[in-house]
Amino acid sequence: MSAPDGPVGTDRSIGQLFASATSEMSALVHDEIALAKAQLRQDVKRGAVGGGAFATAGAVLIFSLPMLSFALAYGINAWSGWHLSVCFLLSFAANVLVAGLLALIGTVFAKKAKKGGGPQKAVASAKETAAVLQKAKPHPRAAVPASSRLGLPEGVGGKAEAVARSSS
């Protein structure tokens, strides 16, 4: 919160109080907007990581299948002596497994981005702030005798209080 305009303990005018309240309300609104932007930025980053993982899964599946399949199939054939078609099926299954793992990672990040709910959090926070401000009531002030407001000693207040009441 900002510091009061005058020294502590002095009465501020209604204009100063209104100006202070307006500036604090403006700062609060700006802070709420900054919070919403930060939360949205975080959700976009999570979504980008998930999308990148999906794109990587697709690239791995497409670009590695021909060369990796041949290498793996011939390696399995040389190691086990199985028929070459079975070896090609096993190499394809290994590529699908890798792509599935990358897709799973992408799904996890996409769910985190969806759960983040950045704009929803910011809207809920703004509504909560508005509800608190609507319920806010000014603090009651203690009654100050007119003699002390006028700077007179305590016993000398009779006519001064009447003058103070009629002029206010």
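What follows is a short tour of this predicted model.

A bit of housekeeping before we start: residues are numbered from 1 along each chain as its sequence is written, and side-chain values use heavy atoms, with hydrogens and water left out. Since the model is predicted, local features need pLDDT of at least 70 and side-chain atom pairs count only at pLDDT 80 or more, while totals for chains, interfaces and linings use all residues.

Start with the overall layout. The chain has 5 helices and 0 strands, where helices (H or I, at least four residues) and strands (E, at least two) are DSSP runs, numbered from the N terminus. Along the sequence that reads as α-α-α-α-α. Of the 168 residues, 16% are buried; buried means under 20% relative accessible area, exposed over 50%, and partly exposed in between, with a 1.4 Å probe and protein chains only. The accessible surface of the chain is about 12600 Å², with 70% of that belonging to carbon and sulfur atoms; these areas come from the Shrake-Rupley method with a 1.4 Å probe, and for residues only the protein chains shown count as cover. As for contacts (heavy atoms within 4.5 Å), residues 24 or more positions apart account for 57% of those with a separation of 6 or more.

Now zoom in on helix H2, residues 84-116. Its 33 residues should span 48 Å at 1.5 Å a residue, and the end C-alpha atoms sit 49 Å apart, which agrees; the expected span is 1.5 Å times one less than the number of residues. Which residues of H2 are buried? They are Cys87, Ser91, Asn95, Ala99, Gly106, Ala113 and Gly116.

Ala99 counts as buried because its relative accessibility is 10%. Leaving out residues up to four places away in sequence, Ala99 touches Ala57 and Leu61. Ala99 and Ala57 are 42 residues apart in sequence, yet their C-alpha atoms are 4.8 Å apart. Gly106, at 0% relative accessibility, is therefore buried too.

Together with Leu97, Leu101 and Val108, Leu104 forms a nonpolar surface patch with about 390 Å² of accessible area.

Over in helix H1 (residues 14-80), look for Val44. Val44 has a relative accessible area of 52%, so it is exposed. Val44 and Gly116 are 72 residues apart in sequence and 9.8 Å apart, C-alpha to C-alpha.

Finally, how far can you trust all this? The mean pLDDT (the predictor's confidence in each residue, from 0 to 100) is 77 for the chain, and 71% of residues reach 70 or more. Confidence is highest in H2, at 88, and lowest in helix H5 (residues 158-167), at a mean of 47. Over residues 160-168, pLDDT stays under 50, and the model has 7 contacts there beyond four places in sequence. Where pLDDT is low, the predicted coordinates should not be read in detail.

How values were computed
Patches are made of residues with over 30% relative accessible area and no salt bridge: like charges are joined within 9 Å, nonpolar side chains (Val, Leu, Ile, Met, Phe, Trp, Tyr) within 5 Å. A salt bridge is a side-chain nitrogen of Lys or Arg within 4 Å of a carboxyl oxygen of Asp or Glu.
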